[in-house]
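Colleague: I would like to learn how to read a structure like this one. Could we go through it feature by feature?

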Amino acid sequence: MAAFYSFFVVLALVVLAWAGAGEAGWKGLFGIYIPYLALLVFLFGFLSKILSWAKTPVPFCIPTTGGQQKSLPWIKNNPWDNPYNASGTVIRMALEVLTFRSLFRNTSVQLQQDGPKVGYNSAKWLWLFALMFHYSFLLIVLRHLRLFTNPVPMPILKLEFFDSILQIGVPVLYQSDMIFVVAILFLFLRRVFDCKVNYISIMSDYFPLFLILAIALSGMWMRYIAKVDVIAVKELTMGLVTFHPVIPKDPIDISFFVHIFLVSVLFMYFPFSKLMHMGGVFLSPTRNMPNFSRRQMWVNPWNDPAIKAHSYAAYEDDFREKMIEAGLPVDKKA
Amino acid sequence: MAKYPPPEELIKINYSTPPTSWMDVPPEFKPGNFSYPAKPDILKYLNFPNPRVWSPMDDDWKLPENWKEIITEGFRERLDKYRSFKIFMDVCVRCGACADKCHFFIGGGDPKNMPVLRAELLRSIYRGDFTMAGKILGRLAGARKLETDVVKEWFLYFYQCTECRRCSLFCPYGIDTAEITMMARELLHLVGCNINWILEPVANCNRTGNHLGIQPHAFKDMVEFLCEDIETVTGVRIDPPLNRKGAEILFITPSGDIFADPGIYTFMGYLILFHYLDLDYTWSTYASEGGNFGLFTSDKMMKKLNGKMYHEAERLGVKWILGGECGHMWRVINQYMLTMNGPANFLQTPVSPITGTRFDAAAGTKMLHITEFTADLIKNNKLKLDPSRNANFKVTFHDSCNTARGMGILEEPRYILKNVVPEFYEMPDNTIREQTFCCGGGAGLNNEEFMETRLRGGLPRGNAVKYVRDTHGVNTLACMCAIDRATLPPLCDYWAPGVGVSGIHELVSNALVLDGEKKRTMDLRQNPLPGFEDEEEE
């Protein structure tokens with residue numbers, strides 16, 4: 001159900017942009033005002049979410065340790081999975097953010113009734129497709145910088161060159177586009193067909209998937225099928241970044257407006273959704289802290305010094321006679 | 001004790017999911033899947049709200065009138081106090097990587113025991129009360145209203161989580177269900193829904209210094225009783241110091257080991273080792289509990305109970321503290337103690353008086369783990385060991401969740417074991433070290449009424465034990481946790497019959513050759529040593 005709703009919401013968004021920028025002719029609204037609004041919502045929403053996390057205290061040092069602690073010099077420490085200092089933690093975080101190291105560990109349980117036997121198989125598909133999804137997304141975003149820069153910086157041009165190195169078709173096909181769509185489809189199908197994942201999935205899982213898929217498809221449509229006027233598009237996008245927004249005189253295919261509208265929706269949706277894992281992953285206390293709280297003191301800003309143990313004196317008062325009788329030393333004689 | 005089905009029935013686990021959305025599946029309480037509520041007088045003693053007689057099987061849980069406000073306010077307060085809680089409420093993408101990492105899910109198949117769904121039980125309320133999308137879109141945004149069934153569901157599933165953190169290891173954002181469960185349990189305390197197996201030890205620990213409510217004179221009696229057994233086995237008389245001021249080291253270990261089989265053998269192991277070393281140390285009857293069920297209650301209670309360690313160390317004037325084999329005790333010491341009750345400037349960084357090794361890893365807390373201490377002794381050849389005395393034991397090692405994923409003390413116990421037993425075998429890779437599986441009874445759930453669920457949760461561990469039993473003839477599961485020593489024996493009897501459970505220092509002391517000892521013919525359990533079986537029969 002959640003998947004259908006999400007699909008129809010995204011479809012409605014497509015139709016809205018199609019009709020709005022086409023029939024109704026609100027090109028300024030879809031090409032200029034909504035993108036600006038989206039950017040504002042994104043920046044404000046993203047920052048305020050990060051700030052709300054950042055200003056919440058981390059009362060305890062609670063890394064999930066994934067390997068041997070640093071203790072005796074002759075015992076080999078696992079500095080990446082159980083870091084004891086800042087540099088180890090940076091490496092742990094880098095591996096987490098750049099290579100999805102925790103997901104790489106993933107296993108799946110197999111239960112055999114005879115035996116019985118519980119087995120654990122390596123399960124790297126999610127890791128692989130998640131990695132493909134995120135990296136191709138990143139590449140695509142970076143490639144788009146050519147529309148927002150003039151002259152286009154060398155690294156962006158290089159990126160484009162390598163991304164289309166297979167030289168398929170005209171205009172040349174970007175490999176990242178293909179990988180992106182395949183990865184999205186995998187993530188979607190997994191949600192549908194893996195009964196456990198299906199059971200936990202809600203609309204906020206399907207909606208961003210469909211939205212991003214629609215963005216990818218509309219982008220590919222305008223590039224490979226509608227073959228939009230890139231010069232005109234760049235005129236518009238450069239207008240946006242230089243704060244002199246214009247709707248170019250040369251006509252731009254309607255698919256472009258659909259594309260930019262969906263991107264705007266994604267921007268506006270982002271800060272209020274699970275997509276904020278992009279920021280949250282950096283702030284997760286179980287990953288971004290070294291395991292050093294036995295070495296040095298971690299301070300809890302709201303630690304309450306008024307909470308004291310039931311004192312020894314009170315304990316002795318309670319049991320003094322029995323202690324004396326048993327020959328245990330006491331601080332105060334009866 | 002509640003009846004539970006035999007293994008061949010229990011193993012028929014259905015991992016498929018029901019057609020109804022989880023939000024429409026009400027919690028179902030049946031004997032064996034929940035722990036008994038805390039007794040009213042315990043709650044009164046602890047000053048906890050809403051003391052009353054009730055049962056989870058009742059329709060009416062007698063919640064306070066304004067329970068919704070209390071929970072919502074408590075929720076808000078905790079979101080402001082814990083970044084972990086706030087982030088974990090916001091960033092989950094429901095990728096499902098954690099789904100089959102939980103031992104209760106693997107052994108039971110209830111989808112609400114998938115860590116992601118366990119967290120959604122709270123998250124759905126968070127969305128409804130604290131996010132715009134949830135307020136506007138309601139169920140479409142994964143939000144729901146706080147109803148009494150939600151509280152019941154929380155009670156059921158947050159007391160079906162042992163805070164073992166295995167899921168957190170696999171989560172790409174490190175979302176830690178232990179954090180979430182802690183918050184949920186704190187919220188439940190606010191309206192008086194808690195379990196006796198946690199709160200009675202907490203109350204005992206506060207007054208008598210240990211979970212079992214052992215009073216000082218009784219503690220001394222029990223120690224003496226164990227010393228008599230030691231004399232029977234070794235011929236050496238030990239007179240351990242209690243509450244002695246001016247000792248160099250204060251030793252603290254879980255009280256569970258002083259009275260119950262097989263923990264007592266580990267306790268005897270400590271006594272023997274310290275006697276062997278002629279260690280300048282003391283026990284304390286006041287700080288006679290290493291474990292801290294406050295960890296499973298609230299941050300306040302954890303701090304209060306933990307405070308005894310430093311309080312007693314300061315009073316006795318010791319230089320540093322040595323801690324015994326325990327799981328969650330070490331999570332508290334490693335990750336919470338110094339923050340809650342430090343700094344401990346009246347103590348010094350632990351230095352082994354035997355080897356001179358300075359343990360900088362404990363420079364802050366000034367508290368050393370016994371396996372670090374003993375591993376260092378063995379490395380420096382300070383122990384005369386005869387591993388052949390342990391030849392009857394084919395040993396494997398169970399990493400406790402808390403020491404594995406909340407500390408990372410993995411090699412020290414293995415190093416010791418390999419030096420004191422002739423045959424040591426590891427269980428399969430995905431079930432040990434940081435991927436270790438819970439005993440099924442952590443986080444205060446090691447009670448009898450919960451046995452069926454414990455055995456279900458114990459399936460992954462029990463099955464791994466069975467594997468090494470069948471392939472290598474392993475007959476002993478060593479562990480360094482008092483709760484493990486209480487929970488693993490029934491687990492092994494059920495899933496891997498024929499495997500016994502021991503502590504590490506039990507095996508150390510079996511192998512330790514004492515000055516002036518008599519010819520050893522039996523181990524600490526008074527079973528014959530290899531080669532002396534016949535004498536026993538005569």
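**Reading the interface and the cores**

Modeller: Between chain B and chain A, 67 residue pairs are in polar contact, both residues being at pLDDT 80 or more. A polar contact is a pair of N or O atoms within 3.5 Å; within protein, one must be able to donate a hydrogen and the other to accept it, and residues adjacent in sequence count only if both atoms are side-chain atoms. Helix α15 (residues 299-316) of chain B supplies the largest share of the side of chain B that touches chain A, nine residues. Helices (H or I, at least four residues) and strands (E, at least two) are DSSP runs, numbered from the N terminus.

This is a predicted model, in which local features need pLDDT of at least 70 and side-chain atom pairs count only at pLDDT 80 or more, while totals for chains, interfaces and linings use all residues. Residues are numbered from 1 along each chain as its sequence is written, chains are lettered from A and ligands numbered from 1 in the order in which they are written, and side-chain values use heavy atoms, with hydrogens and water left out.

Colleague: How many salt bridges does the rule find across the interface of chain B and chain A?

Modeller: The rule asks for a side-chain nitrogen of Lys or Arg within 4 Å of a carboxyl oxygen of Asp or Glu. Across this interface it finds seven salt bridges. D90(B) forms a salt bridge with K49(A), with the closest N and O atoms 3.1 Å apart.

Colleague: What is the area buried between chain B and chain A?

Modeller: The size of an interface is often given as the accessible area lost when the parts come together. Here that area is about 8900 Å² (1.4 Å probe, summed over both parts), and carbon and sulfur atoms give 60% of it.

Colleague: Which residues have the most contacts inside the largest nonpolar core?

Modeller: In soluble globular proteins, nonpolar side chains tend to be buried together. A nonpolar core is a set of buried (under 20% relative accessible area, 1.4 Å probe, protein chains only) Ala, Val, Leu, Ile, Met, Phe, Trp, Tyr and Cys residues joined through side-chain atoms within 4.5 Å. The largest has 181 residues, and F75(B), L122(B) and W154(B) have the most contacts inside it. Helix α9 (residues 203-225) of chain A gives the most to this core, 14 residues.

Note on methods:
Buried means under 20% relative accessible area, exposed over 50%, partly exposed in between (1.4 Å probe, protein chains only). Buried area is the accessible area (1.4 Å probe) that two parts lose on being put together, summed over both.
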